[in-house]
Amino acid sequence: MDVLLNVFETSMQKFKVWRVPVIADQRVIFQKIKELSQRGVADLVFSNGLLYFKGEPKKVIEELLREKEQIFIGEPLEEVVLSPQDNKNLIRGLLYSSLERAFRGSGWQAPIGKRKRALPQIYKNHEDLYSKLKEDVVVLFGLKYMFEIASEESLRLWLDVYASLWSLSEKRRLHIKEIDAGLKELYFKRALLRPRQRYERTLKLVETIFGDKGIKLEFCDGDVLSFSRTPYKAPLDGERVESGIPLCPSMIEEPYLRFKFGLSQNPRDIVRLRAYEYGISIKHLPIKAIVEKSVREDLLDFLRKMVNGFSGIYMRWPGFRTVTGTELSFDDSDIISLDDFSEDALRESLLQVFSESGGKAVVLLVIPRPLHKLYYEVKALALQKMTPVQVILRETLKKDLLEFTLMNIGVALYAKGGGIPWILAKPLMQSRGLFIGISFHLDHESKNIYYGVMEVFDKFGRHLKCKIRMYSSSAEIRSVRGLYIPRSDAEKVLNDLIKEYNPREIIFHKSAPFHSEEREAIEKVCKERGISYCLVHIERTNPYRIYAENAKRGDFTPIRGTVVFDLTNKDRAILCTTGHSMVSFGIRSWSGIGTPKPLEVTLEKNTTRYSLREIVEQILSMTKLDWNTTEISLRSPITLKYSNKAAKLTPYLKSDIKRGLTEIAEIKFLM
């Protein structure tokens, strides 16, 4: 089986440019750079008072002199060679200038705002460029693009399909708030691309822009850069890593789970092997419920099937007690039926049921429509009242393949009641250690307030605690990217955790690069205590796609556990956590929609004994500890999933957090 990547390669050549000192307001110089690039006069970038360009020097200087009242040109004007190692950002800027001019020359718009996206402006005669959803709405297919300077010799261009919903009458992209449930459903049906479709659409879009001769970038000084005509392809050969292949695919075995009566790679084998804490942790689990009056009988029928069992098309759910060893109990008086499912009525009913349960029951909330922001308000209220809540949509009660729904909700109810459905078969670390996931969330009202979360797990992936703190910034915060835990706070939290758990090693997971203050705090505390540590940046927003060219299946869906090691960067790997699953009985087909999106894993600092491959194996294993589902193919490790979920709860816990650092001791309140 071969692995295909959505990347085109070329060898780096000497990057000769002209350089001249310039003094100007940044807005003025950047506007001039844009203008000269669009007109094909020069490709330019500006950095630290110096203008670098590829173009005819005399012509560029003449253009700049036309703005002599706003742009002041210094000396010397000199020709220099940019180094791929030292001048990556400058080279990338010039590459983007050339590529975006090629897009515009083919009738495309690029970039889209500040994002590296390109969309066709003329598309009606090209069926590959759009898909009609409604009379006034189409999906335009464009490209996301990213240059990567892999080494002194290698340059990569990553290209992926970009799908944008477009208003025909207003000739603009639709804002996410304008996309209703009906439009989303149409998009999923008609425009969401499966792996083979996505791969072939990418090639077709490239051909639309560059023709059948491949990608050629022409700079304004006459230099030409030609990329490979076809995307990157390499054989997938088990666990072996070939040293001569710069992007080398390998396989990680699907992790095993431990149940009461044995091991399995498939969480759904809980039906056969029984819950890990079968009959031990909880003997009796009361259920209370809130539901629309019209759906009450459907809920009662669903719960009876949960208790007594149900035979479906693919399997039999044998009943809650058979699987967990726990008695599920409920009667008519435990169900609150609402005529009016307004937010006020829901809050009032929740407070009533929380008061009645005394923290001993799990509350089942059956809703007619998604709660959106109200979901986190409900979860925060449940946390404050120490009563776990399971939220399900009304149509779930009669969903097709009901046996899987019963199994998923049954496992979640058991976990929220305090039971452990399964654990990993092997510990993730060789000695006593901790995993810590770090996430952030902005305050809804105060734009200079944000919340930091540190989610802590032991070496078996068992949740220990969640620490939450409120922070303030002197300026308005527009994005969670770049947020960080201040050094003094990071030191205090780490020292407290070390005092409590006495770890010998700590592995940190974060979905953004670590800030210098976080790095310094971690390094200082761990060095003083003699603890090894690893800073792992797990990037979920990336341009990468991994395809599996399998002649037998022919669908290009990758195998979960496929990892691509970058031999030009020994600290980076691209990991597929979704896709088909390789289990003991063969390949289990992926049930997701669209095309799997891999994770980019980067070790920013590593003083532990673990290699990049072992860190990646840990991440894959930690995707299997989400007890909210029995699906085998999950994207995010629980370190990030639950730290992010806790972060989203924070605005609704503001009064608690203001009184100091808040802790969530049990994961059942985050599920």
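**Entry 1**

The model is a predicted one, so I kept to local features with pLDDT of at least 70 and to side-chain atom pairs at pLDDT 80 or more, while totals for chains, interfaces and linings use all residues. Residues are numbered from 1 along each chain as its sequence is written, and side-chain values use heavy atoms, without hydrogens and water.

Strand E1 (residues 2–5) and E16 run antiparallel and are joined by three bridges; two strands pair if DSSP finds at least two bridges between them.

**Entry 1: the chain as a whole**

I counted 16 helices and 39 strands in the chain, taken as DSSP runs numbered from the N terminus (helices H or I, at least four residues; strands E, at least two). The radius of gyration is 28 Å, close to the 26 Å given by the globule rule for 671 residues, so the chain is as compact as a globular protein of that length; the radius is taken over C-alpha atoms, and the rule is 2.2 Å times the number of residues to the power 0.38. The C-alpha trace spans about 85 × 65 × 55 Å along its principal axes.

Of the 671 residues, 56% count as buried (under 20% relative accessible area, with exposed over 50% and partly exposed in between, for a 1.4 Å probe and protein chains only).

I traced 10 strands that form an open sheet of mixed pairing, in the order E17-E34-E35-E38-E32-E31-E28-E29-E30-E39. Strand E17 (247–251) and strand E39 (662–664) stand at its edges with a single partner strand each, so one side of each is left without a neighbour in the sheet. From one strand to the next, the twist averages 25 degrees.

For individual partners I noted Ile 507 with Cys 534 in E32, and Ile 538 opposite Val 601 in E38. Strand E35 (residues 572–575) is joined to E38 by four bridges and runs antiparallel to E38, with Thr 602 of E38 as the bridge partner of Arg 572.

I found H15 lying across strand E28 (433–442), strand E29 (449–458), strand E30 (463–472), E31 and E32, at about 35 degrees to E28. Axes here are lines fitted to C-alpha atoms, for helices over the stretch in contact, and angles run from 0 to 180 degrees between N-to-C directions.

Helix H10 (residues 373–384) packs with helix H15 (residues 638–649) at an angle of about 90 degrees, their axes being 9 Å apart. That makes H10 roughly perpendicular to H15 (65 to 115 degrees, against under 35 for roughly parallel, over 145 for roughly antiparallel and oblique for the rest). H10 contributes Tyr 375, Tyr 376, Lys 379 and Ala 380 to the contact, and H15 contributes Lys 645, Lys 648 and Leu 649. By class, I have four nonpolar, no polar and three charged residues in this contact.

**Entry 2: backbone details in loops**

I checked the cis peptide bonds next. The bond from Glu 75 to Pro 76 is cis, with omega near 5 degrees, and Pro 76 lies in the loop between strand E6 (71–73) and strand E7 (78–82). The bond from Ala 110 to Pro 111 is cis as well, with omega near -5 degrees, and Pro 111 lies in the loop between strand E8 (108–109) and strand E9 (117–120).

Asn 48, a residue other than glycine, has a positive phi near 50 degrees; Asn 48 lies in the loop between strand E4 (42–47) and strand E5 (50–55) and counts as exposed at 75% relative accessibility. Lys 171 has a positive phi near 55 degrees, sits in the loop between strand E12 (154–167) and strand E13 (172–173), and counts as exposed at 67%.

Methods
Contact = heavy atoms within 4.5 Å. Nonpolar A, V, L, I, M, F, W, Y, C, P; charged D, E, K, R; others polar.
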